[in-house]
Amino acid sequence: MSPLADQLIRLAYDPGITPQGGGLPGLTVLKNVVNSINLFGIVAVVGALAVSLAVWAWGHHTGGHQAEANGKKGATVAAGAALGLGAANGIVAFFSALGSQVH
């Protein structure tokens, strides 16, 4: 094999790239923006949960089975969204650590 082909094969196995904090300017600003988006999402989920629970209760007390079912679906989706938003950092950290173990 030629030296160039040998280098390409080594590069395919280990490109030598690892995440490094502080490598680009604006990382702090980007983190603040993402944190703000996450907070906005959580606030929106609280509102969606409140509306869904109100629709569920209204549907139950008026005998509106469709409204009751939609309220239940909305509450379930809002709870799932809250779980996802709250666990987003941990989920990404878990899979990033898991991915770094692949060789």
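1. A residue is called exposed when its relative accessible area is over 50% and buried when that area is under 20%, with partly exposed residues in between. Val46, which lies in helix 2, has a relative accessibility of 54% and therefore counts as exposed.

2. The model under discussion is predicted. The protein has three helices and zero strands, and its elements run α-α-α from the N terminus on. Of the 103 residues in the protein, 9% are buried.

3. Helix 2 covers residues 27–62, that is, 36 residues. Helix 2 is followed by Gly63, whose phi is positive, near 80°.

4. Which residues of helix 2 are buried? They are Gly41, Val45, Ser52 and Gly59. Helix 3, residues 65–100, is included in what covers these buried residues.

5. Two packed helices are described by the angle between their axes and the distance between the axes. For helix 2 and helix 3, the axes come within 7 Å and cross at roughly 160°. Angles over 145 degrees count as roughly antiparallel, so helix 2 is roughly antiparallel to helix 3. The crossing of helix 2 and helix 3 is left-handed.

6. Two residues illustrate the contacts between these helices. Ser52, in helix 2, has a relative accessibility of 10% and therefore counts as buried. Leaving aside neighbours within four places in sequence, Ser52 is in contact with Gly71, Gly74 and Ala75. Glu68 is found in helix 3. Is Glu68 buried or exposed? At 15% relative accessibility, which is under the 20% limit, Glu68 counts as buried. Not counting residues up to four places away in sequence, Glu68 touches Val55, Trp56, Gly59 and His60; Gly59 is itself one of the buried residues of helix 2.

7. A pair of aromatic rings is described by the distance of the centres and the angle of the planes. How many aromatic pairs does the count give? With ring centres required to lie within 6.5 Å, the count comes to one aromatic pair. That pair is formed by Phe94 and Phe95, with 5.0 Å centre to centre and 80° between the planes. Planes over 60 degrees apart count as edge-to-face, and the pair of Phe94 and Phe95 is accordingly edge-to-face. Phe95 has a relative accessible area of 51%; this value is over 50%, so Phe95 is exposed.

Conventions
Residues are numbered from 1 along each chain as its sequence is written. This is a predicted model: local features need pLDDT of at least 70, side-chain atom pairs count only at pLDDT 80 or more; totals for chains, interfaces and linings use all residues. Side-chain values use heavy atoms; hydrogens and water are left out. Helices (H or I, at least four residues) and strands (E, at least two) are DSSP runs, numbered from the N terminus. The expected span of a helix is 1.5 Å times one less than its number of residues. Buried means under 20% relative accessible area, exposed over 50%, partly exposed in between (1.4 Å probe, protein chains only). Contact means heavy atoms within 4.5 Å. Rings of Phe, Tyr and Trp (its six-membered ring) pair if their centres lie within 6.5 Å; planes under 30 degrees apart count as stacked, over 60 as edge-to-face and the rest as tilted. Axes are lines fitted to C-alpha atoms, for helices over the stretch in contact, and angles run from 0 to 180 degrees between N-to-C directions. Angles under 35 degrees count as roughly parallel, over 145 as roughly antiparallel, 65 to 115 as roughly perpendicular and the rest as oblique. A crossing is left-handed if the near helix is turned anticlockwise from the far one by less than a right angle, and right-handed if clockwise.
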